[in-house]
Amino acid sequence: MAVNKFADLSREEYLSILKHQSSSRPQLKAKIHRPSLEKPDLPNATDWRNEGAVTRVKDQGSCGSCWAFSVTGTLESFYYLRHKEKGLVEFSEQQLLDCDLVNDACNGGEEAPAMEYFVNYGIEREDAYPYVGARGTCQYNESAVYAKLENYIQIEPGDEETLLTVVGFLGPTSVALEASGLAFYSQGIYTSSQCSQTTTNHAVLAVGYDVDEETGLDYWIIKNSWGADWGEDGYFRIRRGENECAIAMDSVYPSFGIE
């Protein structure tokens, strides 16, 4: 832990940016698939950044829009892995803030309904619909749609083994955690005896996993949306295999049908 840009915020101010909503709404069952994934040769370690499949670290600012960044993060990576010839493309969080009326922009949201929005309307690029960090009038332009999402898959809550398989084999995956104690993270593998193992309040992106040689701890590699000046160049590591801070309770990723 270390003093950082959150040090001048009150506890209430910090918590106000943790606006991921745990899955309390009825699930969108028409779009849920829970395949049984075999993992005979699961890699001992995976880091999709080494494959060039992860976009830059972004900054949500004071807006509680982590859910939107988590969704675009997994879509950006899966799109790249399917269309490498196009290079990395950044998708628009602002489109979700303005146009996804199921979620509540800076006041919070959930990843599955955001995925549902993109299934219905398609995805615009970041440079076509740039981020401003506040809800505005929807500027959706069908002719500017760059990619279309066919479907998405939700992992059974708490199933960290399947989450490991998805991240290991398929790509970076949208996850959430209980991040009330994460503000002053600086480096290392985050563990906490204080956080919840059942409820979440912050959405992020799992881009890989490994084992720490010094401590023997298994850990996740997580991309955050608090800027590259936070944590380990915008990333953090968190203990893996114990559902640490509910990291496996709310996970979703796109099917390969993203064009």
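1. Largest cavity: lining. In this predicted model, 14 residues line the largest cavity. Those that lie nearest its centre are Phe 69, Ser 70, Lys 223, Asn 224 and Ser 225. Two elements, α2 (66-82) and β7 (202-211), each give two or more residues to this lining. The most comes from α2, which gives five residues.

2. The volume of the largest cavity is about 100 Å³. Counting cavities of 30 Å³ or more gives one. Sorted by class, the residues of the lining are four nonpolar, six polar and four charged.

3. Helix α2 against helix α4. Besides giving residues to the lining of the largest cavity, α2 packs with α4 (residues 111-121). The angle of this packing is about 55°, and the two axes are 9 Å apart.

4. Residues at the α2 and α4 contact. On the α2 side the residues are Trp 67, Ser 70, Val 71, Thr 74 and Leu 75. They meet Glu 111, Ala 114, Met 115 and Phe 118 of α4. By class, the contact has six nonpolar, two polar and one charged residues.

5. Second largest pocket. This pocket holds about 160 Å³ of space. Its lining includes Lys 5, Phe 6, Leu 9, Glu 13, Ser 16 and Ile 17. Asp 59, Gly 61, Ser 62 and Trp 226 also line the second largest pocket. Four nonpolar, three polar and three charged residues make up the lining by class.

Terms used
Residues are numbered from 1 along each chain as its sequence is written. This is a predicted model: local features need pLDDT of at least 70, side-chain atom pairs count only at pLDDT 80 or more; totals for chains, interfaces and linings use all residues. Side-chain values use heavy atoms; hydrogens and water are left out. On a 1 Å grid over the protein atoms alone, a cavity is a set of points where a 1.4 Å probe fits but cannot get out, and a pocket is an open set with protein on both sides within 12 Å along at least five of seven lines; lining residues have an atom within 4 Å of a point. Grid points are joined across faces, edges and corners, and a volume is the space filled by probe spheres set on the points. Helices (H or I, at least four residues) and strands (E, at least two) are DSSP runs, numbered from the N terminus. Ala, Val, Leu, Ile, Met, Phe, Trp, Tyr, Cys and Pro count as nonpolar, Asp, Glu, Lys and Arg as charged, and the others, Gly among them, as polar. Axes are lines fitted to C-alpha atoms, for helices over the stretch in contact, and angles run from 0 to 180 degrees between N-to-C directions. Contact means heavy atoms within 4.5 Å.
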